[in-house]
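Here is a brisk report on one protein model. Keep the sequence and the 3D view open as you read.

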Amino acid sequence: LDWHFYPQQRQFFDSTARNVAFIAGRGAGKSIVGCRKVIRRIAEEPGLVAMVTACDYPQLEKGTMKVFLEQIPRSWHGYMRATPLPRLELPNGAVVYFSTTTYPDSLRSPTLGLVYMDEACYSPYKAVDVINPCLRQGDHPQLLITSTPAWGSWVYNCLVNPETAWPKTEIFHATLWDNPYTPDDVKRDAAMGKTGNLALQE
């Protein structure tokens, strides 16, 4: 897989912390690096059970799953299954389930070694509260979080705020302007009409 990263993406991709967060503006490559981290682990760890989530079905289908399918090798597309839940089943026994967090209690059942929550600030806190006890497969279960900045959200309180952040957490920050793979005119358009911190974030 011929992947390239800018420094903050690389740090997130290589982190082995139990909880790893990449907080960045839109267009900063959050979903790409999150999906790539899942892909690397399922390729290297036979039998790994992973889950990828988004806040609702439109975000999952049009955003996260679309990015995931763009990043996997073309030969893997034949391993995708649509029912009863969208999932990827690799010959090495690794599985990736795709789910929304709309109904958090529906996430209770599986034993997982890896969970990736994309745009996590839009998912309810109860979702991560339900997911965390499911992370018990193997010696290195891991929770991956990507999100736009959302001060006051559970993502901020549990992962970013040093006074309340969970232990075993690493967090990395970036803006759209840090992403060298996005053309400058796209960056300028994304920040149009925004000022202050919001403009810097985008």
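## Salt bridges

Arg10, Asp14 and Arg40 are linked in a network of salt bridges (a side-chain nitrogen of Lys or Arg within 4 Å of a carboxyl oxygen of Asp or Glu). The model is predicted: local features need pLDDT of at least 70, side-chain atom pairs count only at pLDDT 80 or more, and totals for chains, interfaces and linings use all residues. Residues are numbered from 1 along each chain as its sequence is written, and side-chain values use heavy atoms, with hydrogens and water left out.

Helices (H or I, at least four residues) and strands (E, at least two) are DSSP runs, numbered from the N terminus. Asp14 is partly exposed at 38% relative accessibility, and Arg10 is partly exposed at 35%. Here buried means under 20% relative accessible area, exposed over 50%, and partly exposed in between (1.4 Å probe, protein chains only).

A search of the whole structure finds nine salt bridges. Glu89 takes part in two of them. Its bridge with Arg87 has closest N and O atoms 2.7 Å apart. For its bridge with Arg81, that separation is 4.0 Å. Arg87 is buried at 14%, whereas Arg81 is partly exposed at 34%. Glu89 itself is partly exposed at 29%.

## The sheet

Eight strands form an open sheet with mixed pairing, in the order β3-β4-β5-β2-β6-β7-β1-β8. Two strands pair if DSSP finds at least two bridges between them. The edge strands are β3 (80–81) and β8, each pairing on one side only. β1 and β7 (residues 142–147) run parallel over five bridges. In that pairing, Ala21 has Ile145 of β7 as its bridge partner.

Gly29 sits in the loop between β1 and α2. At 12% relative accessibility, Gly29 counts as buried. Leaving aside neighbours within four places in sequence, Gly29 is in contact (heavy atoms within 4.5 Å) with Gln9, Phe22 and Asn179.

## Nonpolar cores

A nonpolar core is a set of buried Ala, Val, Leu, Ile, Met, Phe, Trp, Tyr and Cys residues joined through side-chain atoms within 4.5 Å. The largest has 36 residues. Those with the most contacts inside it are Phe22, Val38, Ile42, Phe68, Leu88, Val96 and Phe98. Elements giving two or more residues include α1 (7–14), β1 (19–24), α3 (57–71) and β8 (169–174). α2 gives the most, with five residues.

What does Phe68 touch? Not counting residues up to four places away in sequence, Phe68 touches Cys35, Val38, Ile39, Ile42, Leu88, Val96 and Phe98. Apart from this core lies another, of 22 residues, among them Cys121, Val128, Ile131 and Trp154.

## Cysteines

How many disulfides does a search of the whole structure find? Zero, with a disulfide taken as a pair of cysteine sulfur atoms within 2.5 Å. Cys55 is in no disulfide: the nearest cysteine sulfur, that of Cys121, is 8.4 Å away. Cys55 is buried at 17% relative accessibility.

Cys134 is buried too, at 2%. The sulfur of Cys134 is 17 Å from the closest cysteine sulfur, in Cys158, which is too far for a bond.
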